[in-house]
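Biologist: I have a model open and want to learn how to read it. Where do we start?

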Amino acid sequence: MRLSDVSFRYSRRGPWIIQEVELALGAGSVVEVTGRNGAGKSTLLRLLAGIVPPTRGSIADRPPVVGYAPDVFPVDQPFTVSAYLAQMSRIRGVPAASGTALAERLNASHLLGQPLGDLSKGSAQKVGLIQSLLAPPGLLILDEPFSGLDEQTRTELPEIIEEVASAGGAVVVSDHQNQLRSFPGADHWLVEDGAVVARDGERARRTVIEVIVDADEADEVEQKLRADGYTTRRAT
Ligand SMILES: Nc1ncnc2c1ncn2[C@@H]1O[C@H](COP(=O)(O)OP(=O)(O)OP(=O)(O)O)[C@@H](O)[C@H]1O
C-alpha cells in the first residue's frame, strides 16, 4: 500500500492536518504511530483505513479486507453486543462464531448480552477491537487500542498483532502510551506539523554506547565486538 503526496483537511478553508505525505506500508509490517495530542494521528489512521479520502494525492493498493478500531467506539446503536457482532459478521461474510471466539479470547464473553449503550469506555473499546478482527484483515488499523483496556487484554493484544502480521496483514497502531515500544521489528511513524516522519524499525531500536579501553587493548576489543555482530567505530 502506498500514499503518494497525500494531504488532508476537514473543510475547504480549514487547516491542513496532513501535508504531502509519502509513505509505503508493506505486507506483514507493524507500525506504531506517535505524535502529540491533536497532531493528526487519528486523521492519518482514518485516511489509511479509507474512512476519509485524501483531499489531495492518492492512496494505492489498500488490501481488500480492512479492520479498523476507532479511538472512540460509537455505542449509540440499538443493539446488544452479540447482535451487533452477529450483524458485523454477516456483513463481513464470516460465521457468527468468530465474534464469540474473539470475545472469549479478549475476556469479553460477559459483555455479549449487554446493550452497546451500557458499555464502559474500556468495554466499548474491546467491542471495537473484536469487530476489527472478525475477518482476517489485510490491513488492521487500531487507534489507541490500549487505552482503557484491562491488563489481560493489554498483554493479549501484541500477540494478536503478531498473528495478523505473520499472516501477511499490515498493522498500524496509534499508541501514545508506547505499549508497542519493544514490539520486535515494529516501525515508527511520528506525526508532526502535518508531516509523517518514518523511522525504520531496526534503526529506531539501535542505540550508541561508548566503551573506553586502554589503547593497546583497542584492536582486541574491537575484534571481539565485531565477532559478536556489533558495529564499532573508533573515536578520534
Ligand atoms: N471531524 C473533524 N472536523 C474538524 N477537525 C477535526 C476533526 N477531527 C479532528 N479534527 C482536528 O484535526 C486535528 C488532528 O486531530 P486528530 O484527532 O487526528 O489528532 P490526534 O493526533 O489523533 O490527537 P489525539 O492524540 O488527541 O487523539 C486536530 O486539530 C483536531 O481538532
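Modeller: Start with burial. A residue is buried if 20 or more other C-beta atoms lie within 10 Å of its own, exposed if 12 or fewer, and partly exposed in between; C-beta atoms are placed from the backbone. Helices are DSSP runs (H or I, at least four residues), numbered from the N terminus. In helix 1, the buried residues are Lys41, Ser42, Leu44, Leu45, Leu47, Leu48 and Ala49. That is seven of nine residues in the 41–49 run. Gly50 follows helix 1, with a positive phi near 90 degrees.

Biologist: What should I know about the model itself?

Modeller: It is predicted: local features need pLDDT of at least 70, side-chain atom pairs count only at pLDDT 80 or more, and totals for chains, interfaces and linings use all residues. Residues are numbered from 1 along each chain as its sequence is written. pLDDT is the predictor's confidence in each residue, from 0 to 100. The protein chain has a mean of 90, and 95% of its residues reach 70 or more. Scores are ipTM 0.96 and pTM 0.84.

Biologist: Which residues does Leu44 touch?

Modeller: Contact means C-beta atoms, placed from the backbone, within 7 Å. Leu44 touches Ile18, Val33, Val191 and Val196, leaving out residues up to four places away in sequence.

Biologist: Which residues are around the ligand?

Modeller: Near means a C-beta atom, placed from the backbone, within 6 Å of the molecule. The residues around the ligand include Lys41 and Ser42, along with Tyr10, Asp71 and His176.

Key. Helix = DSSP H or I, 4+ residues; strand = E, 2+ residues; numbered from the N terminus. Contact = placed C-beta atoms within 7 Å.
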